[in-house]
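Here is a briefing on a two-chain protein model. Please look over the sequence and the structure before reading on.

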Amino acid sequence: MNDMLERLQRDFNISDITERKSRLTTFNVKKHSAETLLRELRDREGYTHLNFMTCIDYIEDEIFTLVYMLHNYDKKYSLGIHVNISRDNEEMISIHTLWAQAWTYQRELREMYGIRFPGSPRVDEDFCLEGWDQIPPMRREFDTKKFSEERFGHRAGRQSEEPRQHMKVEIYPNRGGSEK
Amino acid sequence: MFKKTLNTEDTLENSGLTDEEQQLFSNARPQAYEPYPIKAVEDFANWARANSLWILAFGTGCGAIELRPLMTARFDANRFGVAGRPTPRQSSVFVIGGYASVKTLKRIVRSYEQMQGPKFVIALGICPVNGGMYFDSYNTVNQFDQYLPVDLYITGCMPRPEVLVAGIMELQKKIKAGECDGANRYVENFDWYKTNQKKVIKNWDMPDYNW
């Protein structure tokens with residue numbers, strides 16, 4: 001395992017190697033070498049299974065982090081490959097040539113985050129959101145509550161409690177929740 | 001063959017369709033149900049309707065999971081004359097199983113309009129009432145009765161099959177009393193419902209009513 005990571009560090013300049021659990025390690029890789037790295041892992045290292053592919057929006061750092069989770073059935077070990085892409089130029093190399101099923105994930109990411117994957121099959125078709133006319137909803141600058149109120153409206157009479165305060169006062173009054 | 005209504009004052013625009021598709025669908029408005037002129041006959045018809053509620057097997061949300069045990073031996077909805085039906089044309093009850101996303105709402109509207117009258121809608125769970133836990137979701141409608149008429153609400157998250165049985169008995173009572181006029185409300189306020197539907201369903205590429 002460590003040999004492989006050392007070699008990857010040398011060849012692909014991976015960084016932030018973190019052992020998250022006993023059978024899961026994650027690391028960062030640069031955008032332009034990600035596809036080559038994934039191909040290497042799949043063909044030479046036995047990480048043949050793409051568990052999932054997803055995205056995290058770090059709006060404070062102005063990046064999207066794409067996560068590719070690979071699994072090795074012989075070693076029973078998982079690798080999470082993180083790729084940071086800029087929020088201004090949200091484009092990534094499509095990996096549907098490596099794993100055919102990746103086009104589904106990429107279509108979803110295109111819809112939910114607006115990340116472009118040139119060449120990925122059917123990537124611009126509607127997926128879950130039909131006729132969506134706003135900014136992609138999973139981007140964190142999208143105000144989902146405001147949108148819901150404007151588009152769907154709220155029925156009068158709905159009451160919400162702030163959960164922490166409600167538990168303190170109503171459910172556990174003897175545990176320091178004196179104020180009422 | 002279909003028959004196109006030529007009187008332009010009271011027809012539907014079908015503006016979501018292409019010119020070619022316009023030829024394939026009728027543009028007539030829906031018509032309200034007229035009860036039998038003799039009350040005893042109407043009462044008998046209502047009794048018959050109440051005892052043969054056929055539910056459309058279209059699980060529109062998580063609440064559809066409660067319809068499965070309803071049909072099997074433990075809750076045995078057959079004793080109330082309830083049966084599952086595979087197509088809208090054969091069914092008379094539409095159970096909205098919990099939340100309705102916009103994509104599903106399009107299919108719900110389409111299925112509801114395909115159902116033949118008399119037809120009834122049961123809204124299951126809290127989500128069709130006020131959005132429930134999805135009240136701030138970008139994709140889930142908050143007030144279901146803005147889009148389709150609801151005859152009976154069964155609230156809860158999730159309601160157990162016992163409650164659904166109670167709801168079906170309540171629906172039977174309402175039908176026997178002749179109070180379930182949801183389909184007629186849909187016809188009377190058709191333009192209002194259509195406007196609301198088109199407000200959330202942005203890619204309207206289907207006819208306005210007739211399937």
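Predicted model: local features only at pLDDT ≥ 70, side-chain atom pairs only at ≥ 80, totals over all residues.

Chain B comes to 8 helices and 5 strands. Chain A has 5 helices and 5 strands. The area buried between chain A and chain B is about 2000 Å².

**Chain A: fold and dimensions**

- Along the sequence, the elements of chain A run α-β-β-α-β-β-β-α-α-α.
- The radius of gyration of chain A is 21 Å, but a compact globule of 180 residues would have a value near 16 Å.
- The C-alpha trace of chain A spans about 65 × 45 × 30 Å along its principal axes.
- Buried residues account for 41% of the 180 residues in chain A.
- Take the contacts in chain A between residues at least 6 apart in sequence: 53% of these join residues at least 24 apart.

**Chain A: surface and charge**

- Chain A has an accessible surface of about 10600 Å². Carbon and sulfur atoms hold 46% of that surface.
- Chain A carries 28 positive and 32 negative charges.

**Chain B: fold and dimensions**

- The order of elements in chain B is α-α-β-α-β-β-α-β-α-β-α-α-α.
- The principal axes of the C-alpha trace give spans of about 50 × 50 × 25 Å for chain B.
- Of the 211 residues in chain B, 49% are buried.
- Among contacts in chain B between residues at least 6 apart in sequence, the share that joins residues at least 24 apart is 73%.

**Chain B: surface and charge**

- The accessible surface of chain B is about 10500 Å². Of this, 53% belongs to carbon and sulfur atoms.
- Chain B has 24 positive side chains and 23 negative ones. The centres of the two sets lie 6 Å apart.

**Interface between the chains**

- On the chain A side, 22 residues are in contact with chain B. On the chain B side, 26 residues take part.
- Carbon and sulfur atoms give 48% of the area buried between the two chains.
- Which residues of chain A lose the most area to chain B? They are Glu130(A), Phe152(A) and Arg155(A), together 38% of what that side buries.

- Ala32(B) sits in the loop between helix H1 (19–22) and helix H2 (39–50) of chain B.
- Leaving out residues up to four places away in sequence, Ala32(B) touches Asn184(B) and Val187(B).
- Lys194(B) is 162 residues from Ala32(B) in sequence. In space the two are 16 Å apart, C-alpha to C-alpha.

**Backbone exceptions**

Most residues other than glycine have a negative phi, and most peptide bonds are trans. The cases below depart from that pattern.

- The peptide bond from Gly117(B) to Pro118(B) is cis, and its omega is near -5°. Pro118(B) belongs to the loop between helix H4 (102–114) and strand E4 (120–124) of chain B.
- Cys157(B) and Met158(B) are also joined by a cis peptide bond, with omega about -15°. The loop that holds Met158(B) lies between strand E5 (152–154) and helix H6 (161–176) of chain B.
- Lys76(A) is not a glycine, yet its phi is positive, near 50°. Lys76(A) lies in the loop between strand E4 (63–72) and strand E5 (77–86) of chain A.
- Arg122(A), another residue that is not a glycine, has a positive phi of about 55°. Its place is in the loop between helix H3 (102–113) and helix H4 (144–151) of chain A.
- Arg122(A) is partly exposed, because its relative accessible area is 45%.

Key: Residues numbered from 1 in each chain as written. Chains lettered and ligands numbered in written order. Heavy atoms only, no water. Helix = DSSP H or I, 4+ residues; strand = E, 2+ residues; numbered from the N terminus. Buried < 20%, exposed > 50% of the residue type's maximum accessible area, 1.4 Å probe, protein only. Contact = heavy atoms within 4.5 Å. Areas by Shrake-Rupley, 256 points an atom, 1.4 Å probe, with all protein chains shown as cover. Lys, Arg positive; Asp, Glu negative; His and termini not counted. Charge placed at Lys NZ, Arg CZ, Asp CG, Glu CD. Buried area = accessible area lost by both parts, 1.4 Å probe. Rg over C-alpha atoms; globule rule 2.2 N^0.38 Å.
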